[in-house]
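Open the model in your viewer and keep the sequence beside it. This tour tells you what to select at each stop.

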Amino acid sequence: CRELNVPCVHVLSAVMGVFESYLGAPQTPIVGGQHVLDADYYRRIDALNFAMAHDDGRVPDRIDSADIILLGISRTSKTPTSIYLANRGYKTCNVPLVPQVGLPPALLQPTKAFIVGLVASAERIAEIRRNRVQLLADRNLDDYVDRAQIQSEILYTRKLCSENNWPVIDVTRRSIEETAAAILKLYHDRHSKPESQ
């Protein structure tokens, strides 16, 4: 501004002055300070790349390389939840459950990865699927939006998770952030228990 002889007003100087006097500390402005490229940043980028590479049923060769594995039928917010968890630094993959298609064999082996099932009400899933079907008008997807079929898929998810002792989270009235918080609580509770349990 000085070089161009243009007036310049520091609009935040008064506000920053109040903060300095209230906190008793001088401001230390660092250009781009909110975008620190530290180890935590690179860990989150690595987790995001992992989530993208292992989206929608692409299970890693070494399943233990995942921190969290999300299972659920179509439209239970698996992908956005995976992305959110990845942004928090957790390597997450998600696997769609289709009753007629078996689980990837790797999921039936013992693993350190935390596996959790996601479910929602049949009404909520039907509503979301109906909106999606409008975009896929070239296909016959009556079973995809049929509530009885969806209820059967939900029961399949619950049964599968129960048989494998995997927790289930109902995402019907939860935001992605709330779902992720519930998953992380279960994840940390599991990892805080002694090995004997």
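The stops below go from the sheet to its helices, then to the core and the salt bridges.

**Before you start**

This is a predicted model: local features need pLDDT of at least 70, side-chain atom pairs count only at pLDDT 80 or more, and totals for chains, interfaces and linings use all residues. Residues are numbered from 1 along each chain as its sequence is written, and side-chain values use heavy atoms, with hydrogens and water left out.

**Stop 1: the sheet**

Show the strands. Helices (H or I, at least four residues) and strands (E, at least two) are DSSP runs, numbered from the N terminus. Two strands pair if DSSP finds at least two bridges between them. Here 4 strands make an open sheet, in the order S2-S1-S3-S4, with parallel pairing. From one strand to the next, the twist averages 25°. Angles run from 0 to 180 degrees between N-to-C directions, and axes are lines fitted to C-alpha atoms, for helices over the stretch in contact.

**Stop 2: S1 beside S2**

Select residues 68-72, strand S1, together with S2. The two pair in the parallel sense over 5 bridges. Find Leu70: its bridge partner in S2 is Asn94. Then find Leu71, which stands opposite Val95 in S2.

Is S2 mostly covered or exposed? It is mostly covered, with 4 of its 5 residues buried. Buried means under 20% relative accessible area, exposed means over 50%, and partly exposed is in between (1.4 Å probe, protein chains only).

Now follow the chain from S1 through helix H3 (residues 78-87) to S2; this β-α-β crossover is right-handed. That is, with the strands pointing away from the viewer, the path from the first strand over the helix to the second runs clockwise.

**Stop 3: helices on the sheet**

Select helix H7 (residues 176-192). H7 lies across S1, S3 and S4 and runs at about 150° to S3.

**Stop 4: the core**

Which residues have the most contacts inside the largest nonpolar core? They are Ile68, Ile69, Leu71, Leu85, Leu107 and Ile183, in a core of 38 residues. S1, S2, S3, helix H4 (122-135), H6 and H7 each give two or more residues to this core. A nonpolar core is a set of buried Ala, Val, Leu, Ile, Met, Phe, Trp, Tyr and Cys residues joined through side-chain atoms within 4.5 Å.

Zoom in on Leu107. Leaving aside neighbours within four places in sequence, Leu107 is in contact (heavy atoms within 4.5 Å) with Ile63, Ile69, Leu71, Val95, Ile115 and Trp166. In soluble globular proteins, nonpolar side chains tend to be buried together.

**Stop 5: salt bridges**

A salt bridge is a side-chain nitrogen of Lys or Arg within 4 Å of a carboxyl oxygen of Asp or Glu. The count by this rule is 7.

Start in helix H2 (residues 39-53), which holds Asp40 and Arg43, 3 residues apart. Their side chains meet in a salt bridge at 2.5 Å, N to O. Asp40 is partly exposed, at 34% relative accessibility. Arg43 is partly exposed too, at 41%. Next select Arg44, which forms a salt bridge with Asp40 at 3.5 Å, N to O.

Finish with Arg129 and Glu153, whose salt bridge is 2.9 Å, N to O. Arg129 lies in helix H4 and Glu153 in helix H6, so the pair ties together parts 24 residues apart in sequence. Both residues are buried.
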